[in-house]
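Please work through each task before reading its solution.

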Amino acid sequence: MVLGDVFVLAFVPAACVVGIVFALTQWYIVSRVSVGGHVSNNGYMHVDEDGVDDSSVVAKCAEIQAAISEGSESFLATEYQYLGVFMGIFSVIIFVFLASVGGFSFDRQPCDFDPAQSCPSSIANAFFSTLAFILGAVTSTLSGYLGMRIATYANARTTLEARRGVGKAFIVAFRSGSVMGFLLAANGLLVLFLTILGFKLYFGDDWVGLYEAITGYGLGGSAVALFGRVGGGIYTKAADVGADLVGKIEQNIPEDDPRNPAVIADNVGDNVGDIAGMGADLFGSFAESTCAALVVSSISSFGTDRNFVAMCFPLIISAAGIFVCLLTTLFATDLFTIKEMKEIEPTLKRQLVISTVLMTGAIFLVSWYALPETFTINVVGHEPKVVKNWHIFFCVGSGLWAGLIIGFVTEYFTSNAYQPVQDVADSCRTGAATNIIFGLALGYKSVIIPVFAIAAAIYLSYSLAAMYGIAVAALGMLSTLATGLAIDAYGPISDNAGGIAEMAGMSHEVRERTDALDAAGNTTAAIGKGFAIGSAALVSLALFGAYVSRAGIASVDVIQPKEFVGLIVGAMLPYWFSAMTMKSVGKAALAMVEEVRRQFRTIPGLMEGTTKPDYKRCVQISTDASIKEMIPPGALVMLTPLIVGTLFGVETLAGLLAGALVSGVQIAISASNTGGAWDNAKKYIEAGNSEHAKSLGPKGSDAHKAAVIGDTVGDPLKDTSGPSLNILIKLMAVESLVFAPFFAANGGWLFRIWT
């Protein structure tokens, strides 16, 4: 190891500042596209390539963008009010439970690393854990909000640039996605690093106590992400399903037709669900994987030797990732240009490959220079594991490359450029039933290779560095977080751009370009969900290992009745959760369908386009339904570890976490990919870019109607239940880790009474 403390203190904040400055630069470049006038600030005239220009179209785009932005902000303001109440109540629970472990004592206690020294009291530990929880929740909330703001800021600008060509529109959408990616990655890392430095002023050399308190940061981030994903997912899918069922199926009008009352709510949903919810989700994954690695490292020889550089290794990895992602972004925005629609998807895929290759070299350098040549990792119930620094390179690298494999497999199963989705589209010839059958089969099949990739990464990492290896493997998968978020956020921005083009009455050529951007965005969104699910599996396992260590469990034996009961109940939880979220979407969609039908039935001139629909009423229905319906599934996830740990003890809770992890990963991948395939099968028919696609279309044909039904069924799978499941498995794990001291001291009283 050659790096010193000063390097870490300079490098990590510098990476964060560079990431924030780069994000703001991208934002400035996007802002130079005007939505308020005839000519943009950079001097380019917004005209179609055929020379047609209409200032009323620009004004219409600005009006639609304002409506989408207003609806998004209104929903998030309402949601965050409820979240604020929840965070206040749960902060009290954390403080009371953890402070009770030491009898609410203010007396300092002997340190684990040296009983001759004194460490902070139970009250102090509880206070700092609660503070970390609040900081994580606030940072996660800010991440989601900033993502929503840039998305609503960029959607109309992407539409207007599509008039100048698909390459111009792509640049705007991708730069806007980069703003979210770099702001989230940099802000999350900076807040965490400053929190560690601030807490260290009090904890001193007690790295174990410090990093155990820091786990609250991950809990706060994922708690917000859960409600953001579930609430946003219910919102967007209620509007989407309502708009599709009445608009496209019953009224036979195009998608995003301005006559459809649910169209604004649908576009708002893309921002509050796929942007704000997804941003909070991946922030939670980053926070939890980092916290898991920090907790495990604190009980290694790093902690014993008080090696500051090695203890900050997870943070250095993330900081290096920001620089790598910055270089990668330049390949899409500056070094290469898109001239044809068929180049969009390869360009986005190239981002994944470039970032992975560059990050591999960065991981090697960081592992070589930031870690001791040899060190030990403590393993509960076993001899300490002797690890070399190059072992960690392979651990982090296995997670990084497993993520790339998951991304490619997800693309293969969800992109309409490949055979699986084309087969699903072809099955629409014989109706919706065969479309559903083929889509479900595709989703189940798509699980196979990602699970093998995750299993290989887990085996290699654990063999080389025990649970620390798994924790840094998860961090490796998330090390290119800024790039992953950029291509993920690009999707909803492009989707909104297409909707605005339709509502503003732009030409067919512009709509073709935005459709091409949107189709690629559907695939990148599916890839982003695949990354989130894969990283959640590794993060959850790392948190599970940290929980077992902190709870003092020597081994988890699934043959024992306590563990087996927890295992089978845990495997059931993802099904229970999915049932709740899907039914919530169905109930909200029912209300939306009735409202859309009512407006078509009662508003004179609506179908003729001479009267505007009541968009605000549909926005309000989605808002009310999502806020109401997000509470039960959120309560299921948040209360289950508390109830099981308190009543049945640490062993049963360990089984529960294992069961939820194994079951949840499979369902999440399958649901996300099935929904993504159905969506792109519909777009494949609508685009008609091949003879096969033309034989299934055009819009309004029987095959197209069958594809729309499949897309509608898949909406809650890919945008509500599927992506929320990865939060379920990691949130229960990090919550169990935070409350482990309480469960170890006071849990299992029901079994004690029974026996």
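**Exercise 1: Surroundings of a glycine**

Leaving out residues up to four places away in sequence, Gly 177 touches Leu 485, Ala 486, Ala 489, Tyr 490 and Ile 493. The model is a predicted one.

Task: State in which helix Gly 177 is found, and decide whether Gly 177 counts as buried or exposed.

Solution. 
1. Gly 177 belongs to helix H4, which covers residues 166-203.
2. The relative accessibility of Gly 177 is 0%.
3. Buried means under 20% relative accessible area; Gly 177 therefore counts as buried.
4. As a further point of reference, Gly 177 and Gly 443 lie 266 residues apart in sequence and 27 Å apart in space, taken from C-alpha to C-alpha.

**Exercise 2: The course of helix H9**

Task: Compare the span of H9 with the expected span, and find where H9 bends.

Solution. 
1. H9 runs over residues 313-335 and has 23 residues.
2. From its first C-alpha to its last, H9 reaches 32 Å, close to the 33 Å expected at 1.5 Å a residue.
3. At Thr 329, H9 bends by about 25°.
4. H9 is also mostly covered, with 17 of its 23 residues buried.

**Exercise 3: A serine in helix H2**

Task: Describe the surroundings of Ser 91, beginning with the backbone oxygen that lies 2.6 Å from a polar atom of its side chain.

Solution. 
1. Ser 91 is part of helix H2, residues 55-101.
2. The backbone oxygen in question is that of Met 87.
3. Apart from neighbours within four places in sequence, Ser 91 is in contact with Thr 130, Phe 133 and Ile 134.
4. The relative accessible area of Ser 91 is 9%, so Ser 91 is buried.

**Exercise 4: A backbone angle**

Task: Give the phi of Ala 466 and the helix in which Ala 466 has its place.

Solution. 
1. Most residues other than glycine have a negative phi.
2. Ala 466 is not a glycine, yet its phi is positive, at about 55°.
3. Ala 466 sits in helix H14, residues 448-477.
4. With a relative accessible area of 3%, Ala 466 is buried.

Key: Residues are numbered from 1 along each chain as its sequence is written. This is a predicted model: local features need pLDDT of at least 70, side-chain atom pairs count only at pLDDT 80 or more; totals for chains, interfaces and linings use all residues. Side-chain values use heavy atoms; hydrogens and water are left out. Helices (H or I, at least four residues) and strands (E, at least two) are DSSP runs, numbered from the N terminus. The expected span of a helix is 1.5 Å times one less than its number of residues. The bend at a residue is the angle between axes fitted to the seven residues ending there and the seven starting there. Buried means under 20% relative accessible area, exposed over 50%, partly exposed in between (1.4 Å probe, protein chains only). Contact means heavy atoms within 4.5 Å. A polar contact is a pair of N or O atoms within 3.5 Å; within protein, one must be able to donate a hydrogen and the other to accept it, and residues adjacent in sequence count only if both atoms are side-chain atoms.
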